[in-house]
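Please look over the model below before reading my notes. Keep the sequence beside it as you go.

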Amino acid sequence: MVNFLVGAILAFIGASQLSRFAASAYVADLVGLALVREMAPVMTAIIMAGRTGGAYAARIATMQGGEEIDALAVAGIPTVDYLVLPAVLSLTLTLPFLYLYGCLIGLLGGLIVAMTMLGITAQSYLQETLAAVPLNRFVFGFGKCIAFGLLIGVASCQIGLRAGRSAADVGAAATRAVVVGIVGVIALDAAFAVLANGAGL
Amino acid sequence: MTESALISVSGLTLGYGERVILQALDFTVPRGSIFAIMGGSGCGKSTVMRALVGLLRPQAGRVTVGGEDYWGCDAARRSVIDRGFGVLFQGGALWRALSVGGNVALPLRLFTRLARSDIAPLVRLKLALVGMADAIDCRPSELSGGMRKRAGLARALALEPEVLFLDEPSAGLDPISSRRMDDLIVNLRDGLGATIVMVSHERDSLFGIADDGVFLDAATRTVIARGAPSVLRDTCPDPLVAAFMHRERLQSP
C-alpha cells in the first residue's frame, strides 16, 4: 500500500517537474530507479521496523517480565539460539522478498499515474523501466534489505532482552525498538548511499 | 561444613549495581532437607534464590554445591550443575509459545536421548504427578495462577533434579491447593530423594513441612535466625522472628 502510494507520488512529482523540460517520457526512469534503489528498501524496512521490530521487542520483554527468560537460562537453554536467532533469521529472509513485492507495487503506482496523467501506454512505460533499471541496482537494493533486516532483528531482540520486568516496560521496549529501528534504517541507508557513491553505482 | 551439606553459602553479598540487598550470608542446606528461606516481603528471599540457581552473580562470598565452588566455575560447568536443579518461579514462568505438555517436554527433548515416543508418556506422568494430566494441550495463557504454578513444577521435575528450588510454591493458592502443594513437596523429597529449597512466607506450609531454614531481615540485610521454622517459633529470642511466627500462632486454628 505504502509502496503503491510512494510510486504514485514519485510519478506525480516527476510528471509535473519533468514536463517543464518536456521530458515527461522519463517518468518511468525516475520512478523505477528511485524505487528500486531507495524508496522500496527504506519504506519496506521502516514498515517492518514498526510492525515486526516492535512486536519482537514486546514479545521478548513480556517473556522477561514473566521470568520466562530466567527459566530458559536455568534450564540451560541458550536464549540467543532459541529466541533471537530464529527471529533475526526470519526477518532477514523475509525482508528482501517484501522489497521485491514493494518494487512491483510501487511500479504499478507509477504506471497508473503515468497512464492517466501523461497518457503513456503501459507497454512503453514498462519497456522504459526495464531499460532504465540495471540488474545491479536490484542486487544493491536486495543487499540493503538484508542489512536492514539484520539491524532491525538484532536491535529489537536486544532491546527486548534488556527491558525491565514490569508491564510498563513492555510498552517502553516496543516504542524504543520502533524508534531505534526507523532511525537505524535511515542512518544505515545514508551509509549505503555514501558507499554506493564511492563504488560508483 | 558437614558432609551432609549439599549447598553451602559463606560470606555472600548480593545486590544490583550499587544497591546491596543482602550481605554476609552464611548457611548450609543439608542434603535431603526441605530448607526454607523465610522473611518478610522485600527482604531479598527471591534474590538469594537467584544467586543459588545462577541468575545473579554475588558481589562477594562463595556458594558451594556438592563441594564445588559454583560461581568459581566457568559458565559451561555451571550449566552442567544447573542440570541437577529444578526451578519453579513465582509465576510458573511457563514458556507461552508452547503448550503445557510442550513446556514439560522441552528439557527432555533437548537434554536427554529419549525418543519422541518415550517422551510423551513421561510428560503425562510428570503432569499427573501435579494433578495436571488433563491440561496437557492447554496454552499457558488459558490456565489459572495455581495451575501455572503446578505446571511449572511439573516442568521443574522433568529432568528428575537433585535439588528443587521453589519460589513461593503455595502463595496465592486456595487453602486446599496450598495443602496439596505441601503434600506434593514432601512426597517429592521422600519419593525422589530430592533436596528442596523453598522461598516462602506462608507460615502454614513453613511449619508443616520445612525442617530447616534461615530467616532474613530487610533492616540488617542478613540472616537473623537459623533452624526449622517450628523450632524458631518456640525458641527464637529475636523479637522480629518471634513476631513473624507468633502472628501465625494467633491465626492458626
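The points below cover numbering and confidence, then each chain in turn.

1. Basis. This is a predicted model; local features need pLDDT of at least 70, side-chain atom pairs count only at pLDDT 80 or more, and totals for chains, interfaces and linings use all residues. Residues are numbered from 1 along each chain as its sequence is written, and chains are lettered from A and ligands numbered from 1 in the order in which they are written.

2. Confidence. pLDDT is the predictor's confidence in each residue, from 0 to 100. Chain B averages 84, and 96% of its residues score at least 70. Residues 248-253 of chain B fall below 50. For the complex, the predictor gives an ipTM of 0.80 and a pTM of 0.80.

3. Chain A overall. Chain A has seven helices and zero strands. Helices (H or I, at least four residues) and strands (E, at least two) are DSSP runs, numbered from the N terminus. Of the 201 residues in chain A, 45% are buried. A residue is buried if 20 or more other C-beta atoms lie within 10 Å of its own, exposed if 12 or fewer, and partly exposed in between; C-beta atoms are placed from the backbone.

4. Helix H7 of chain A. This helix covers residues 167-199 and has 33 residues. From first C-alpha to last it reaches 47 Å, close to the 48 Å expected. The expected span is 1.5 Å times one less than the number of residues. Its buried residues include A:Val170, A:Ala173, A:Arg176 and A:Phe192. They pack against helix H2 (27-65) and helix H6 (135-161) of chain A.

5. Between the chains. Ten residues of chain A are in contact with 16 residues of chain B. Contact means that two C-beta atoms, placed from the backbone, lie within 7 Å.

6. The core in chain B. B:Ile37, B:Leu52 and B:Val197 are among the residues that touch the most other members of the largest nonpolar core, which has 76 residues. Such a core is a set of buried Ala, Val, Leu, Ile, Met, Phe, Trp, Tyr and Cys residues joined through C-beta atoms within 7 Å. Beyond four places in sequence, the contacts of B:Val197 include B:Val29, B:Phe35 and B:Phe165.

7. A loop glycine. Where is B:Gly84? B:Gly84 sits in the loop between helix H2 (75-83) and strand S6 (85-88) of chain B. B:Gly84 counts as partly exposed because it has 16 C-beta neighbours inside 10 Å. B:Pro161 is 77 residues away in sequence, yet 4.7 Å away in space, C-alpha to C-alpha.
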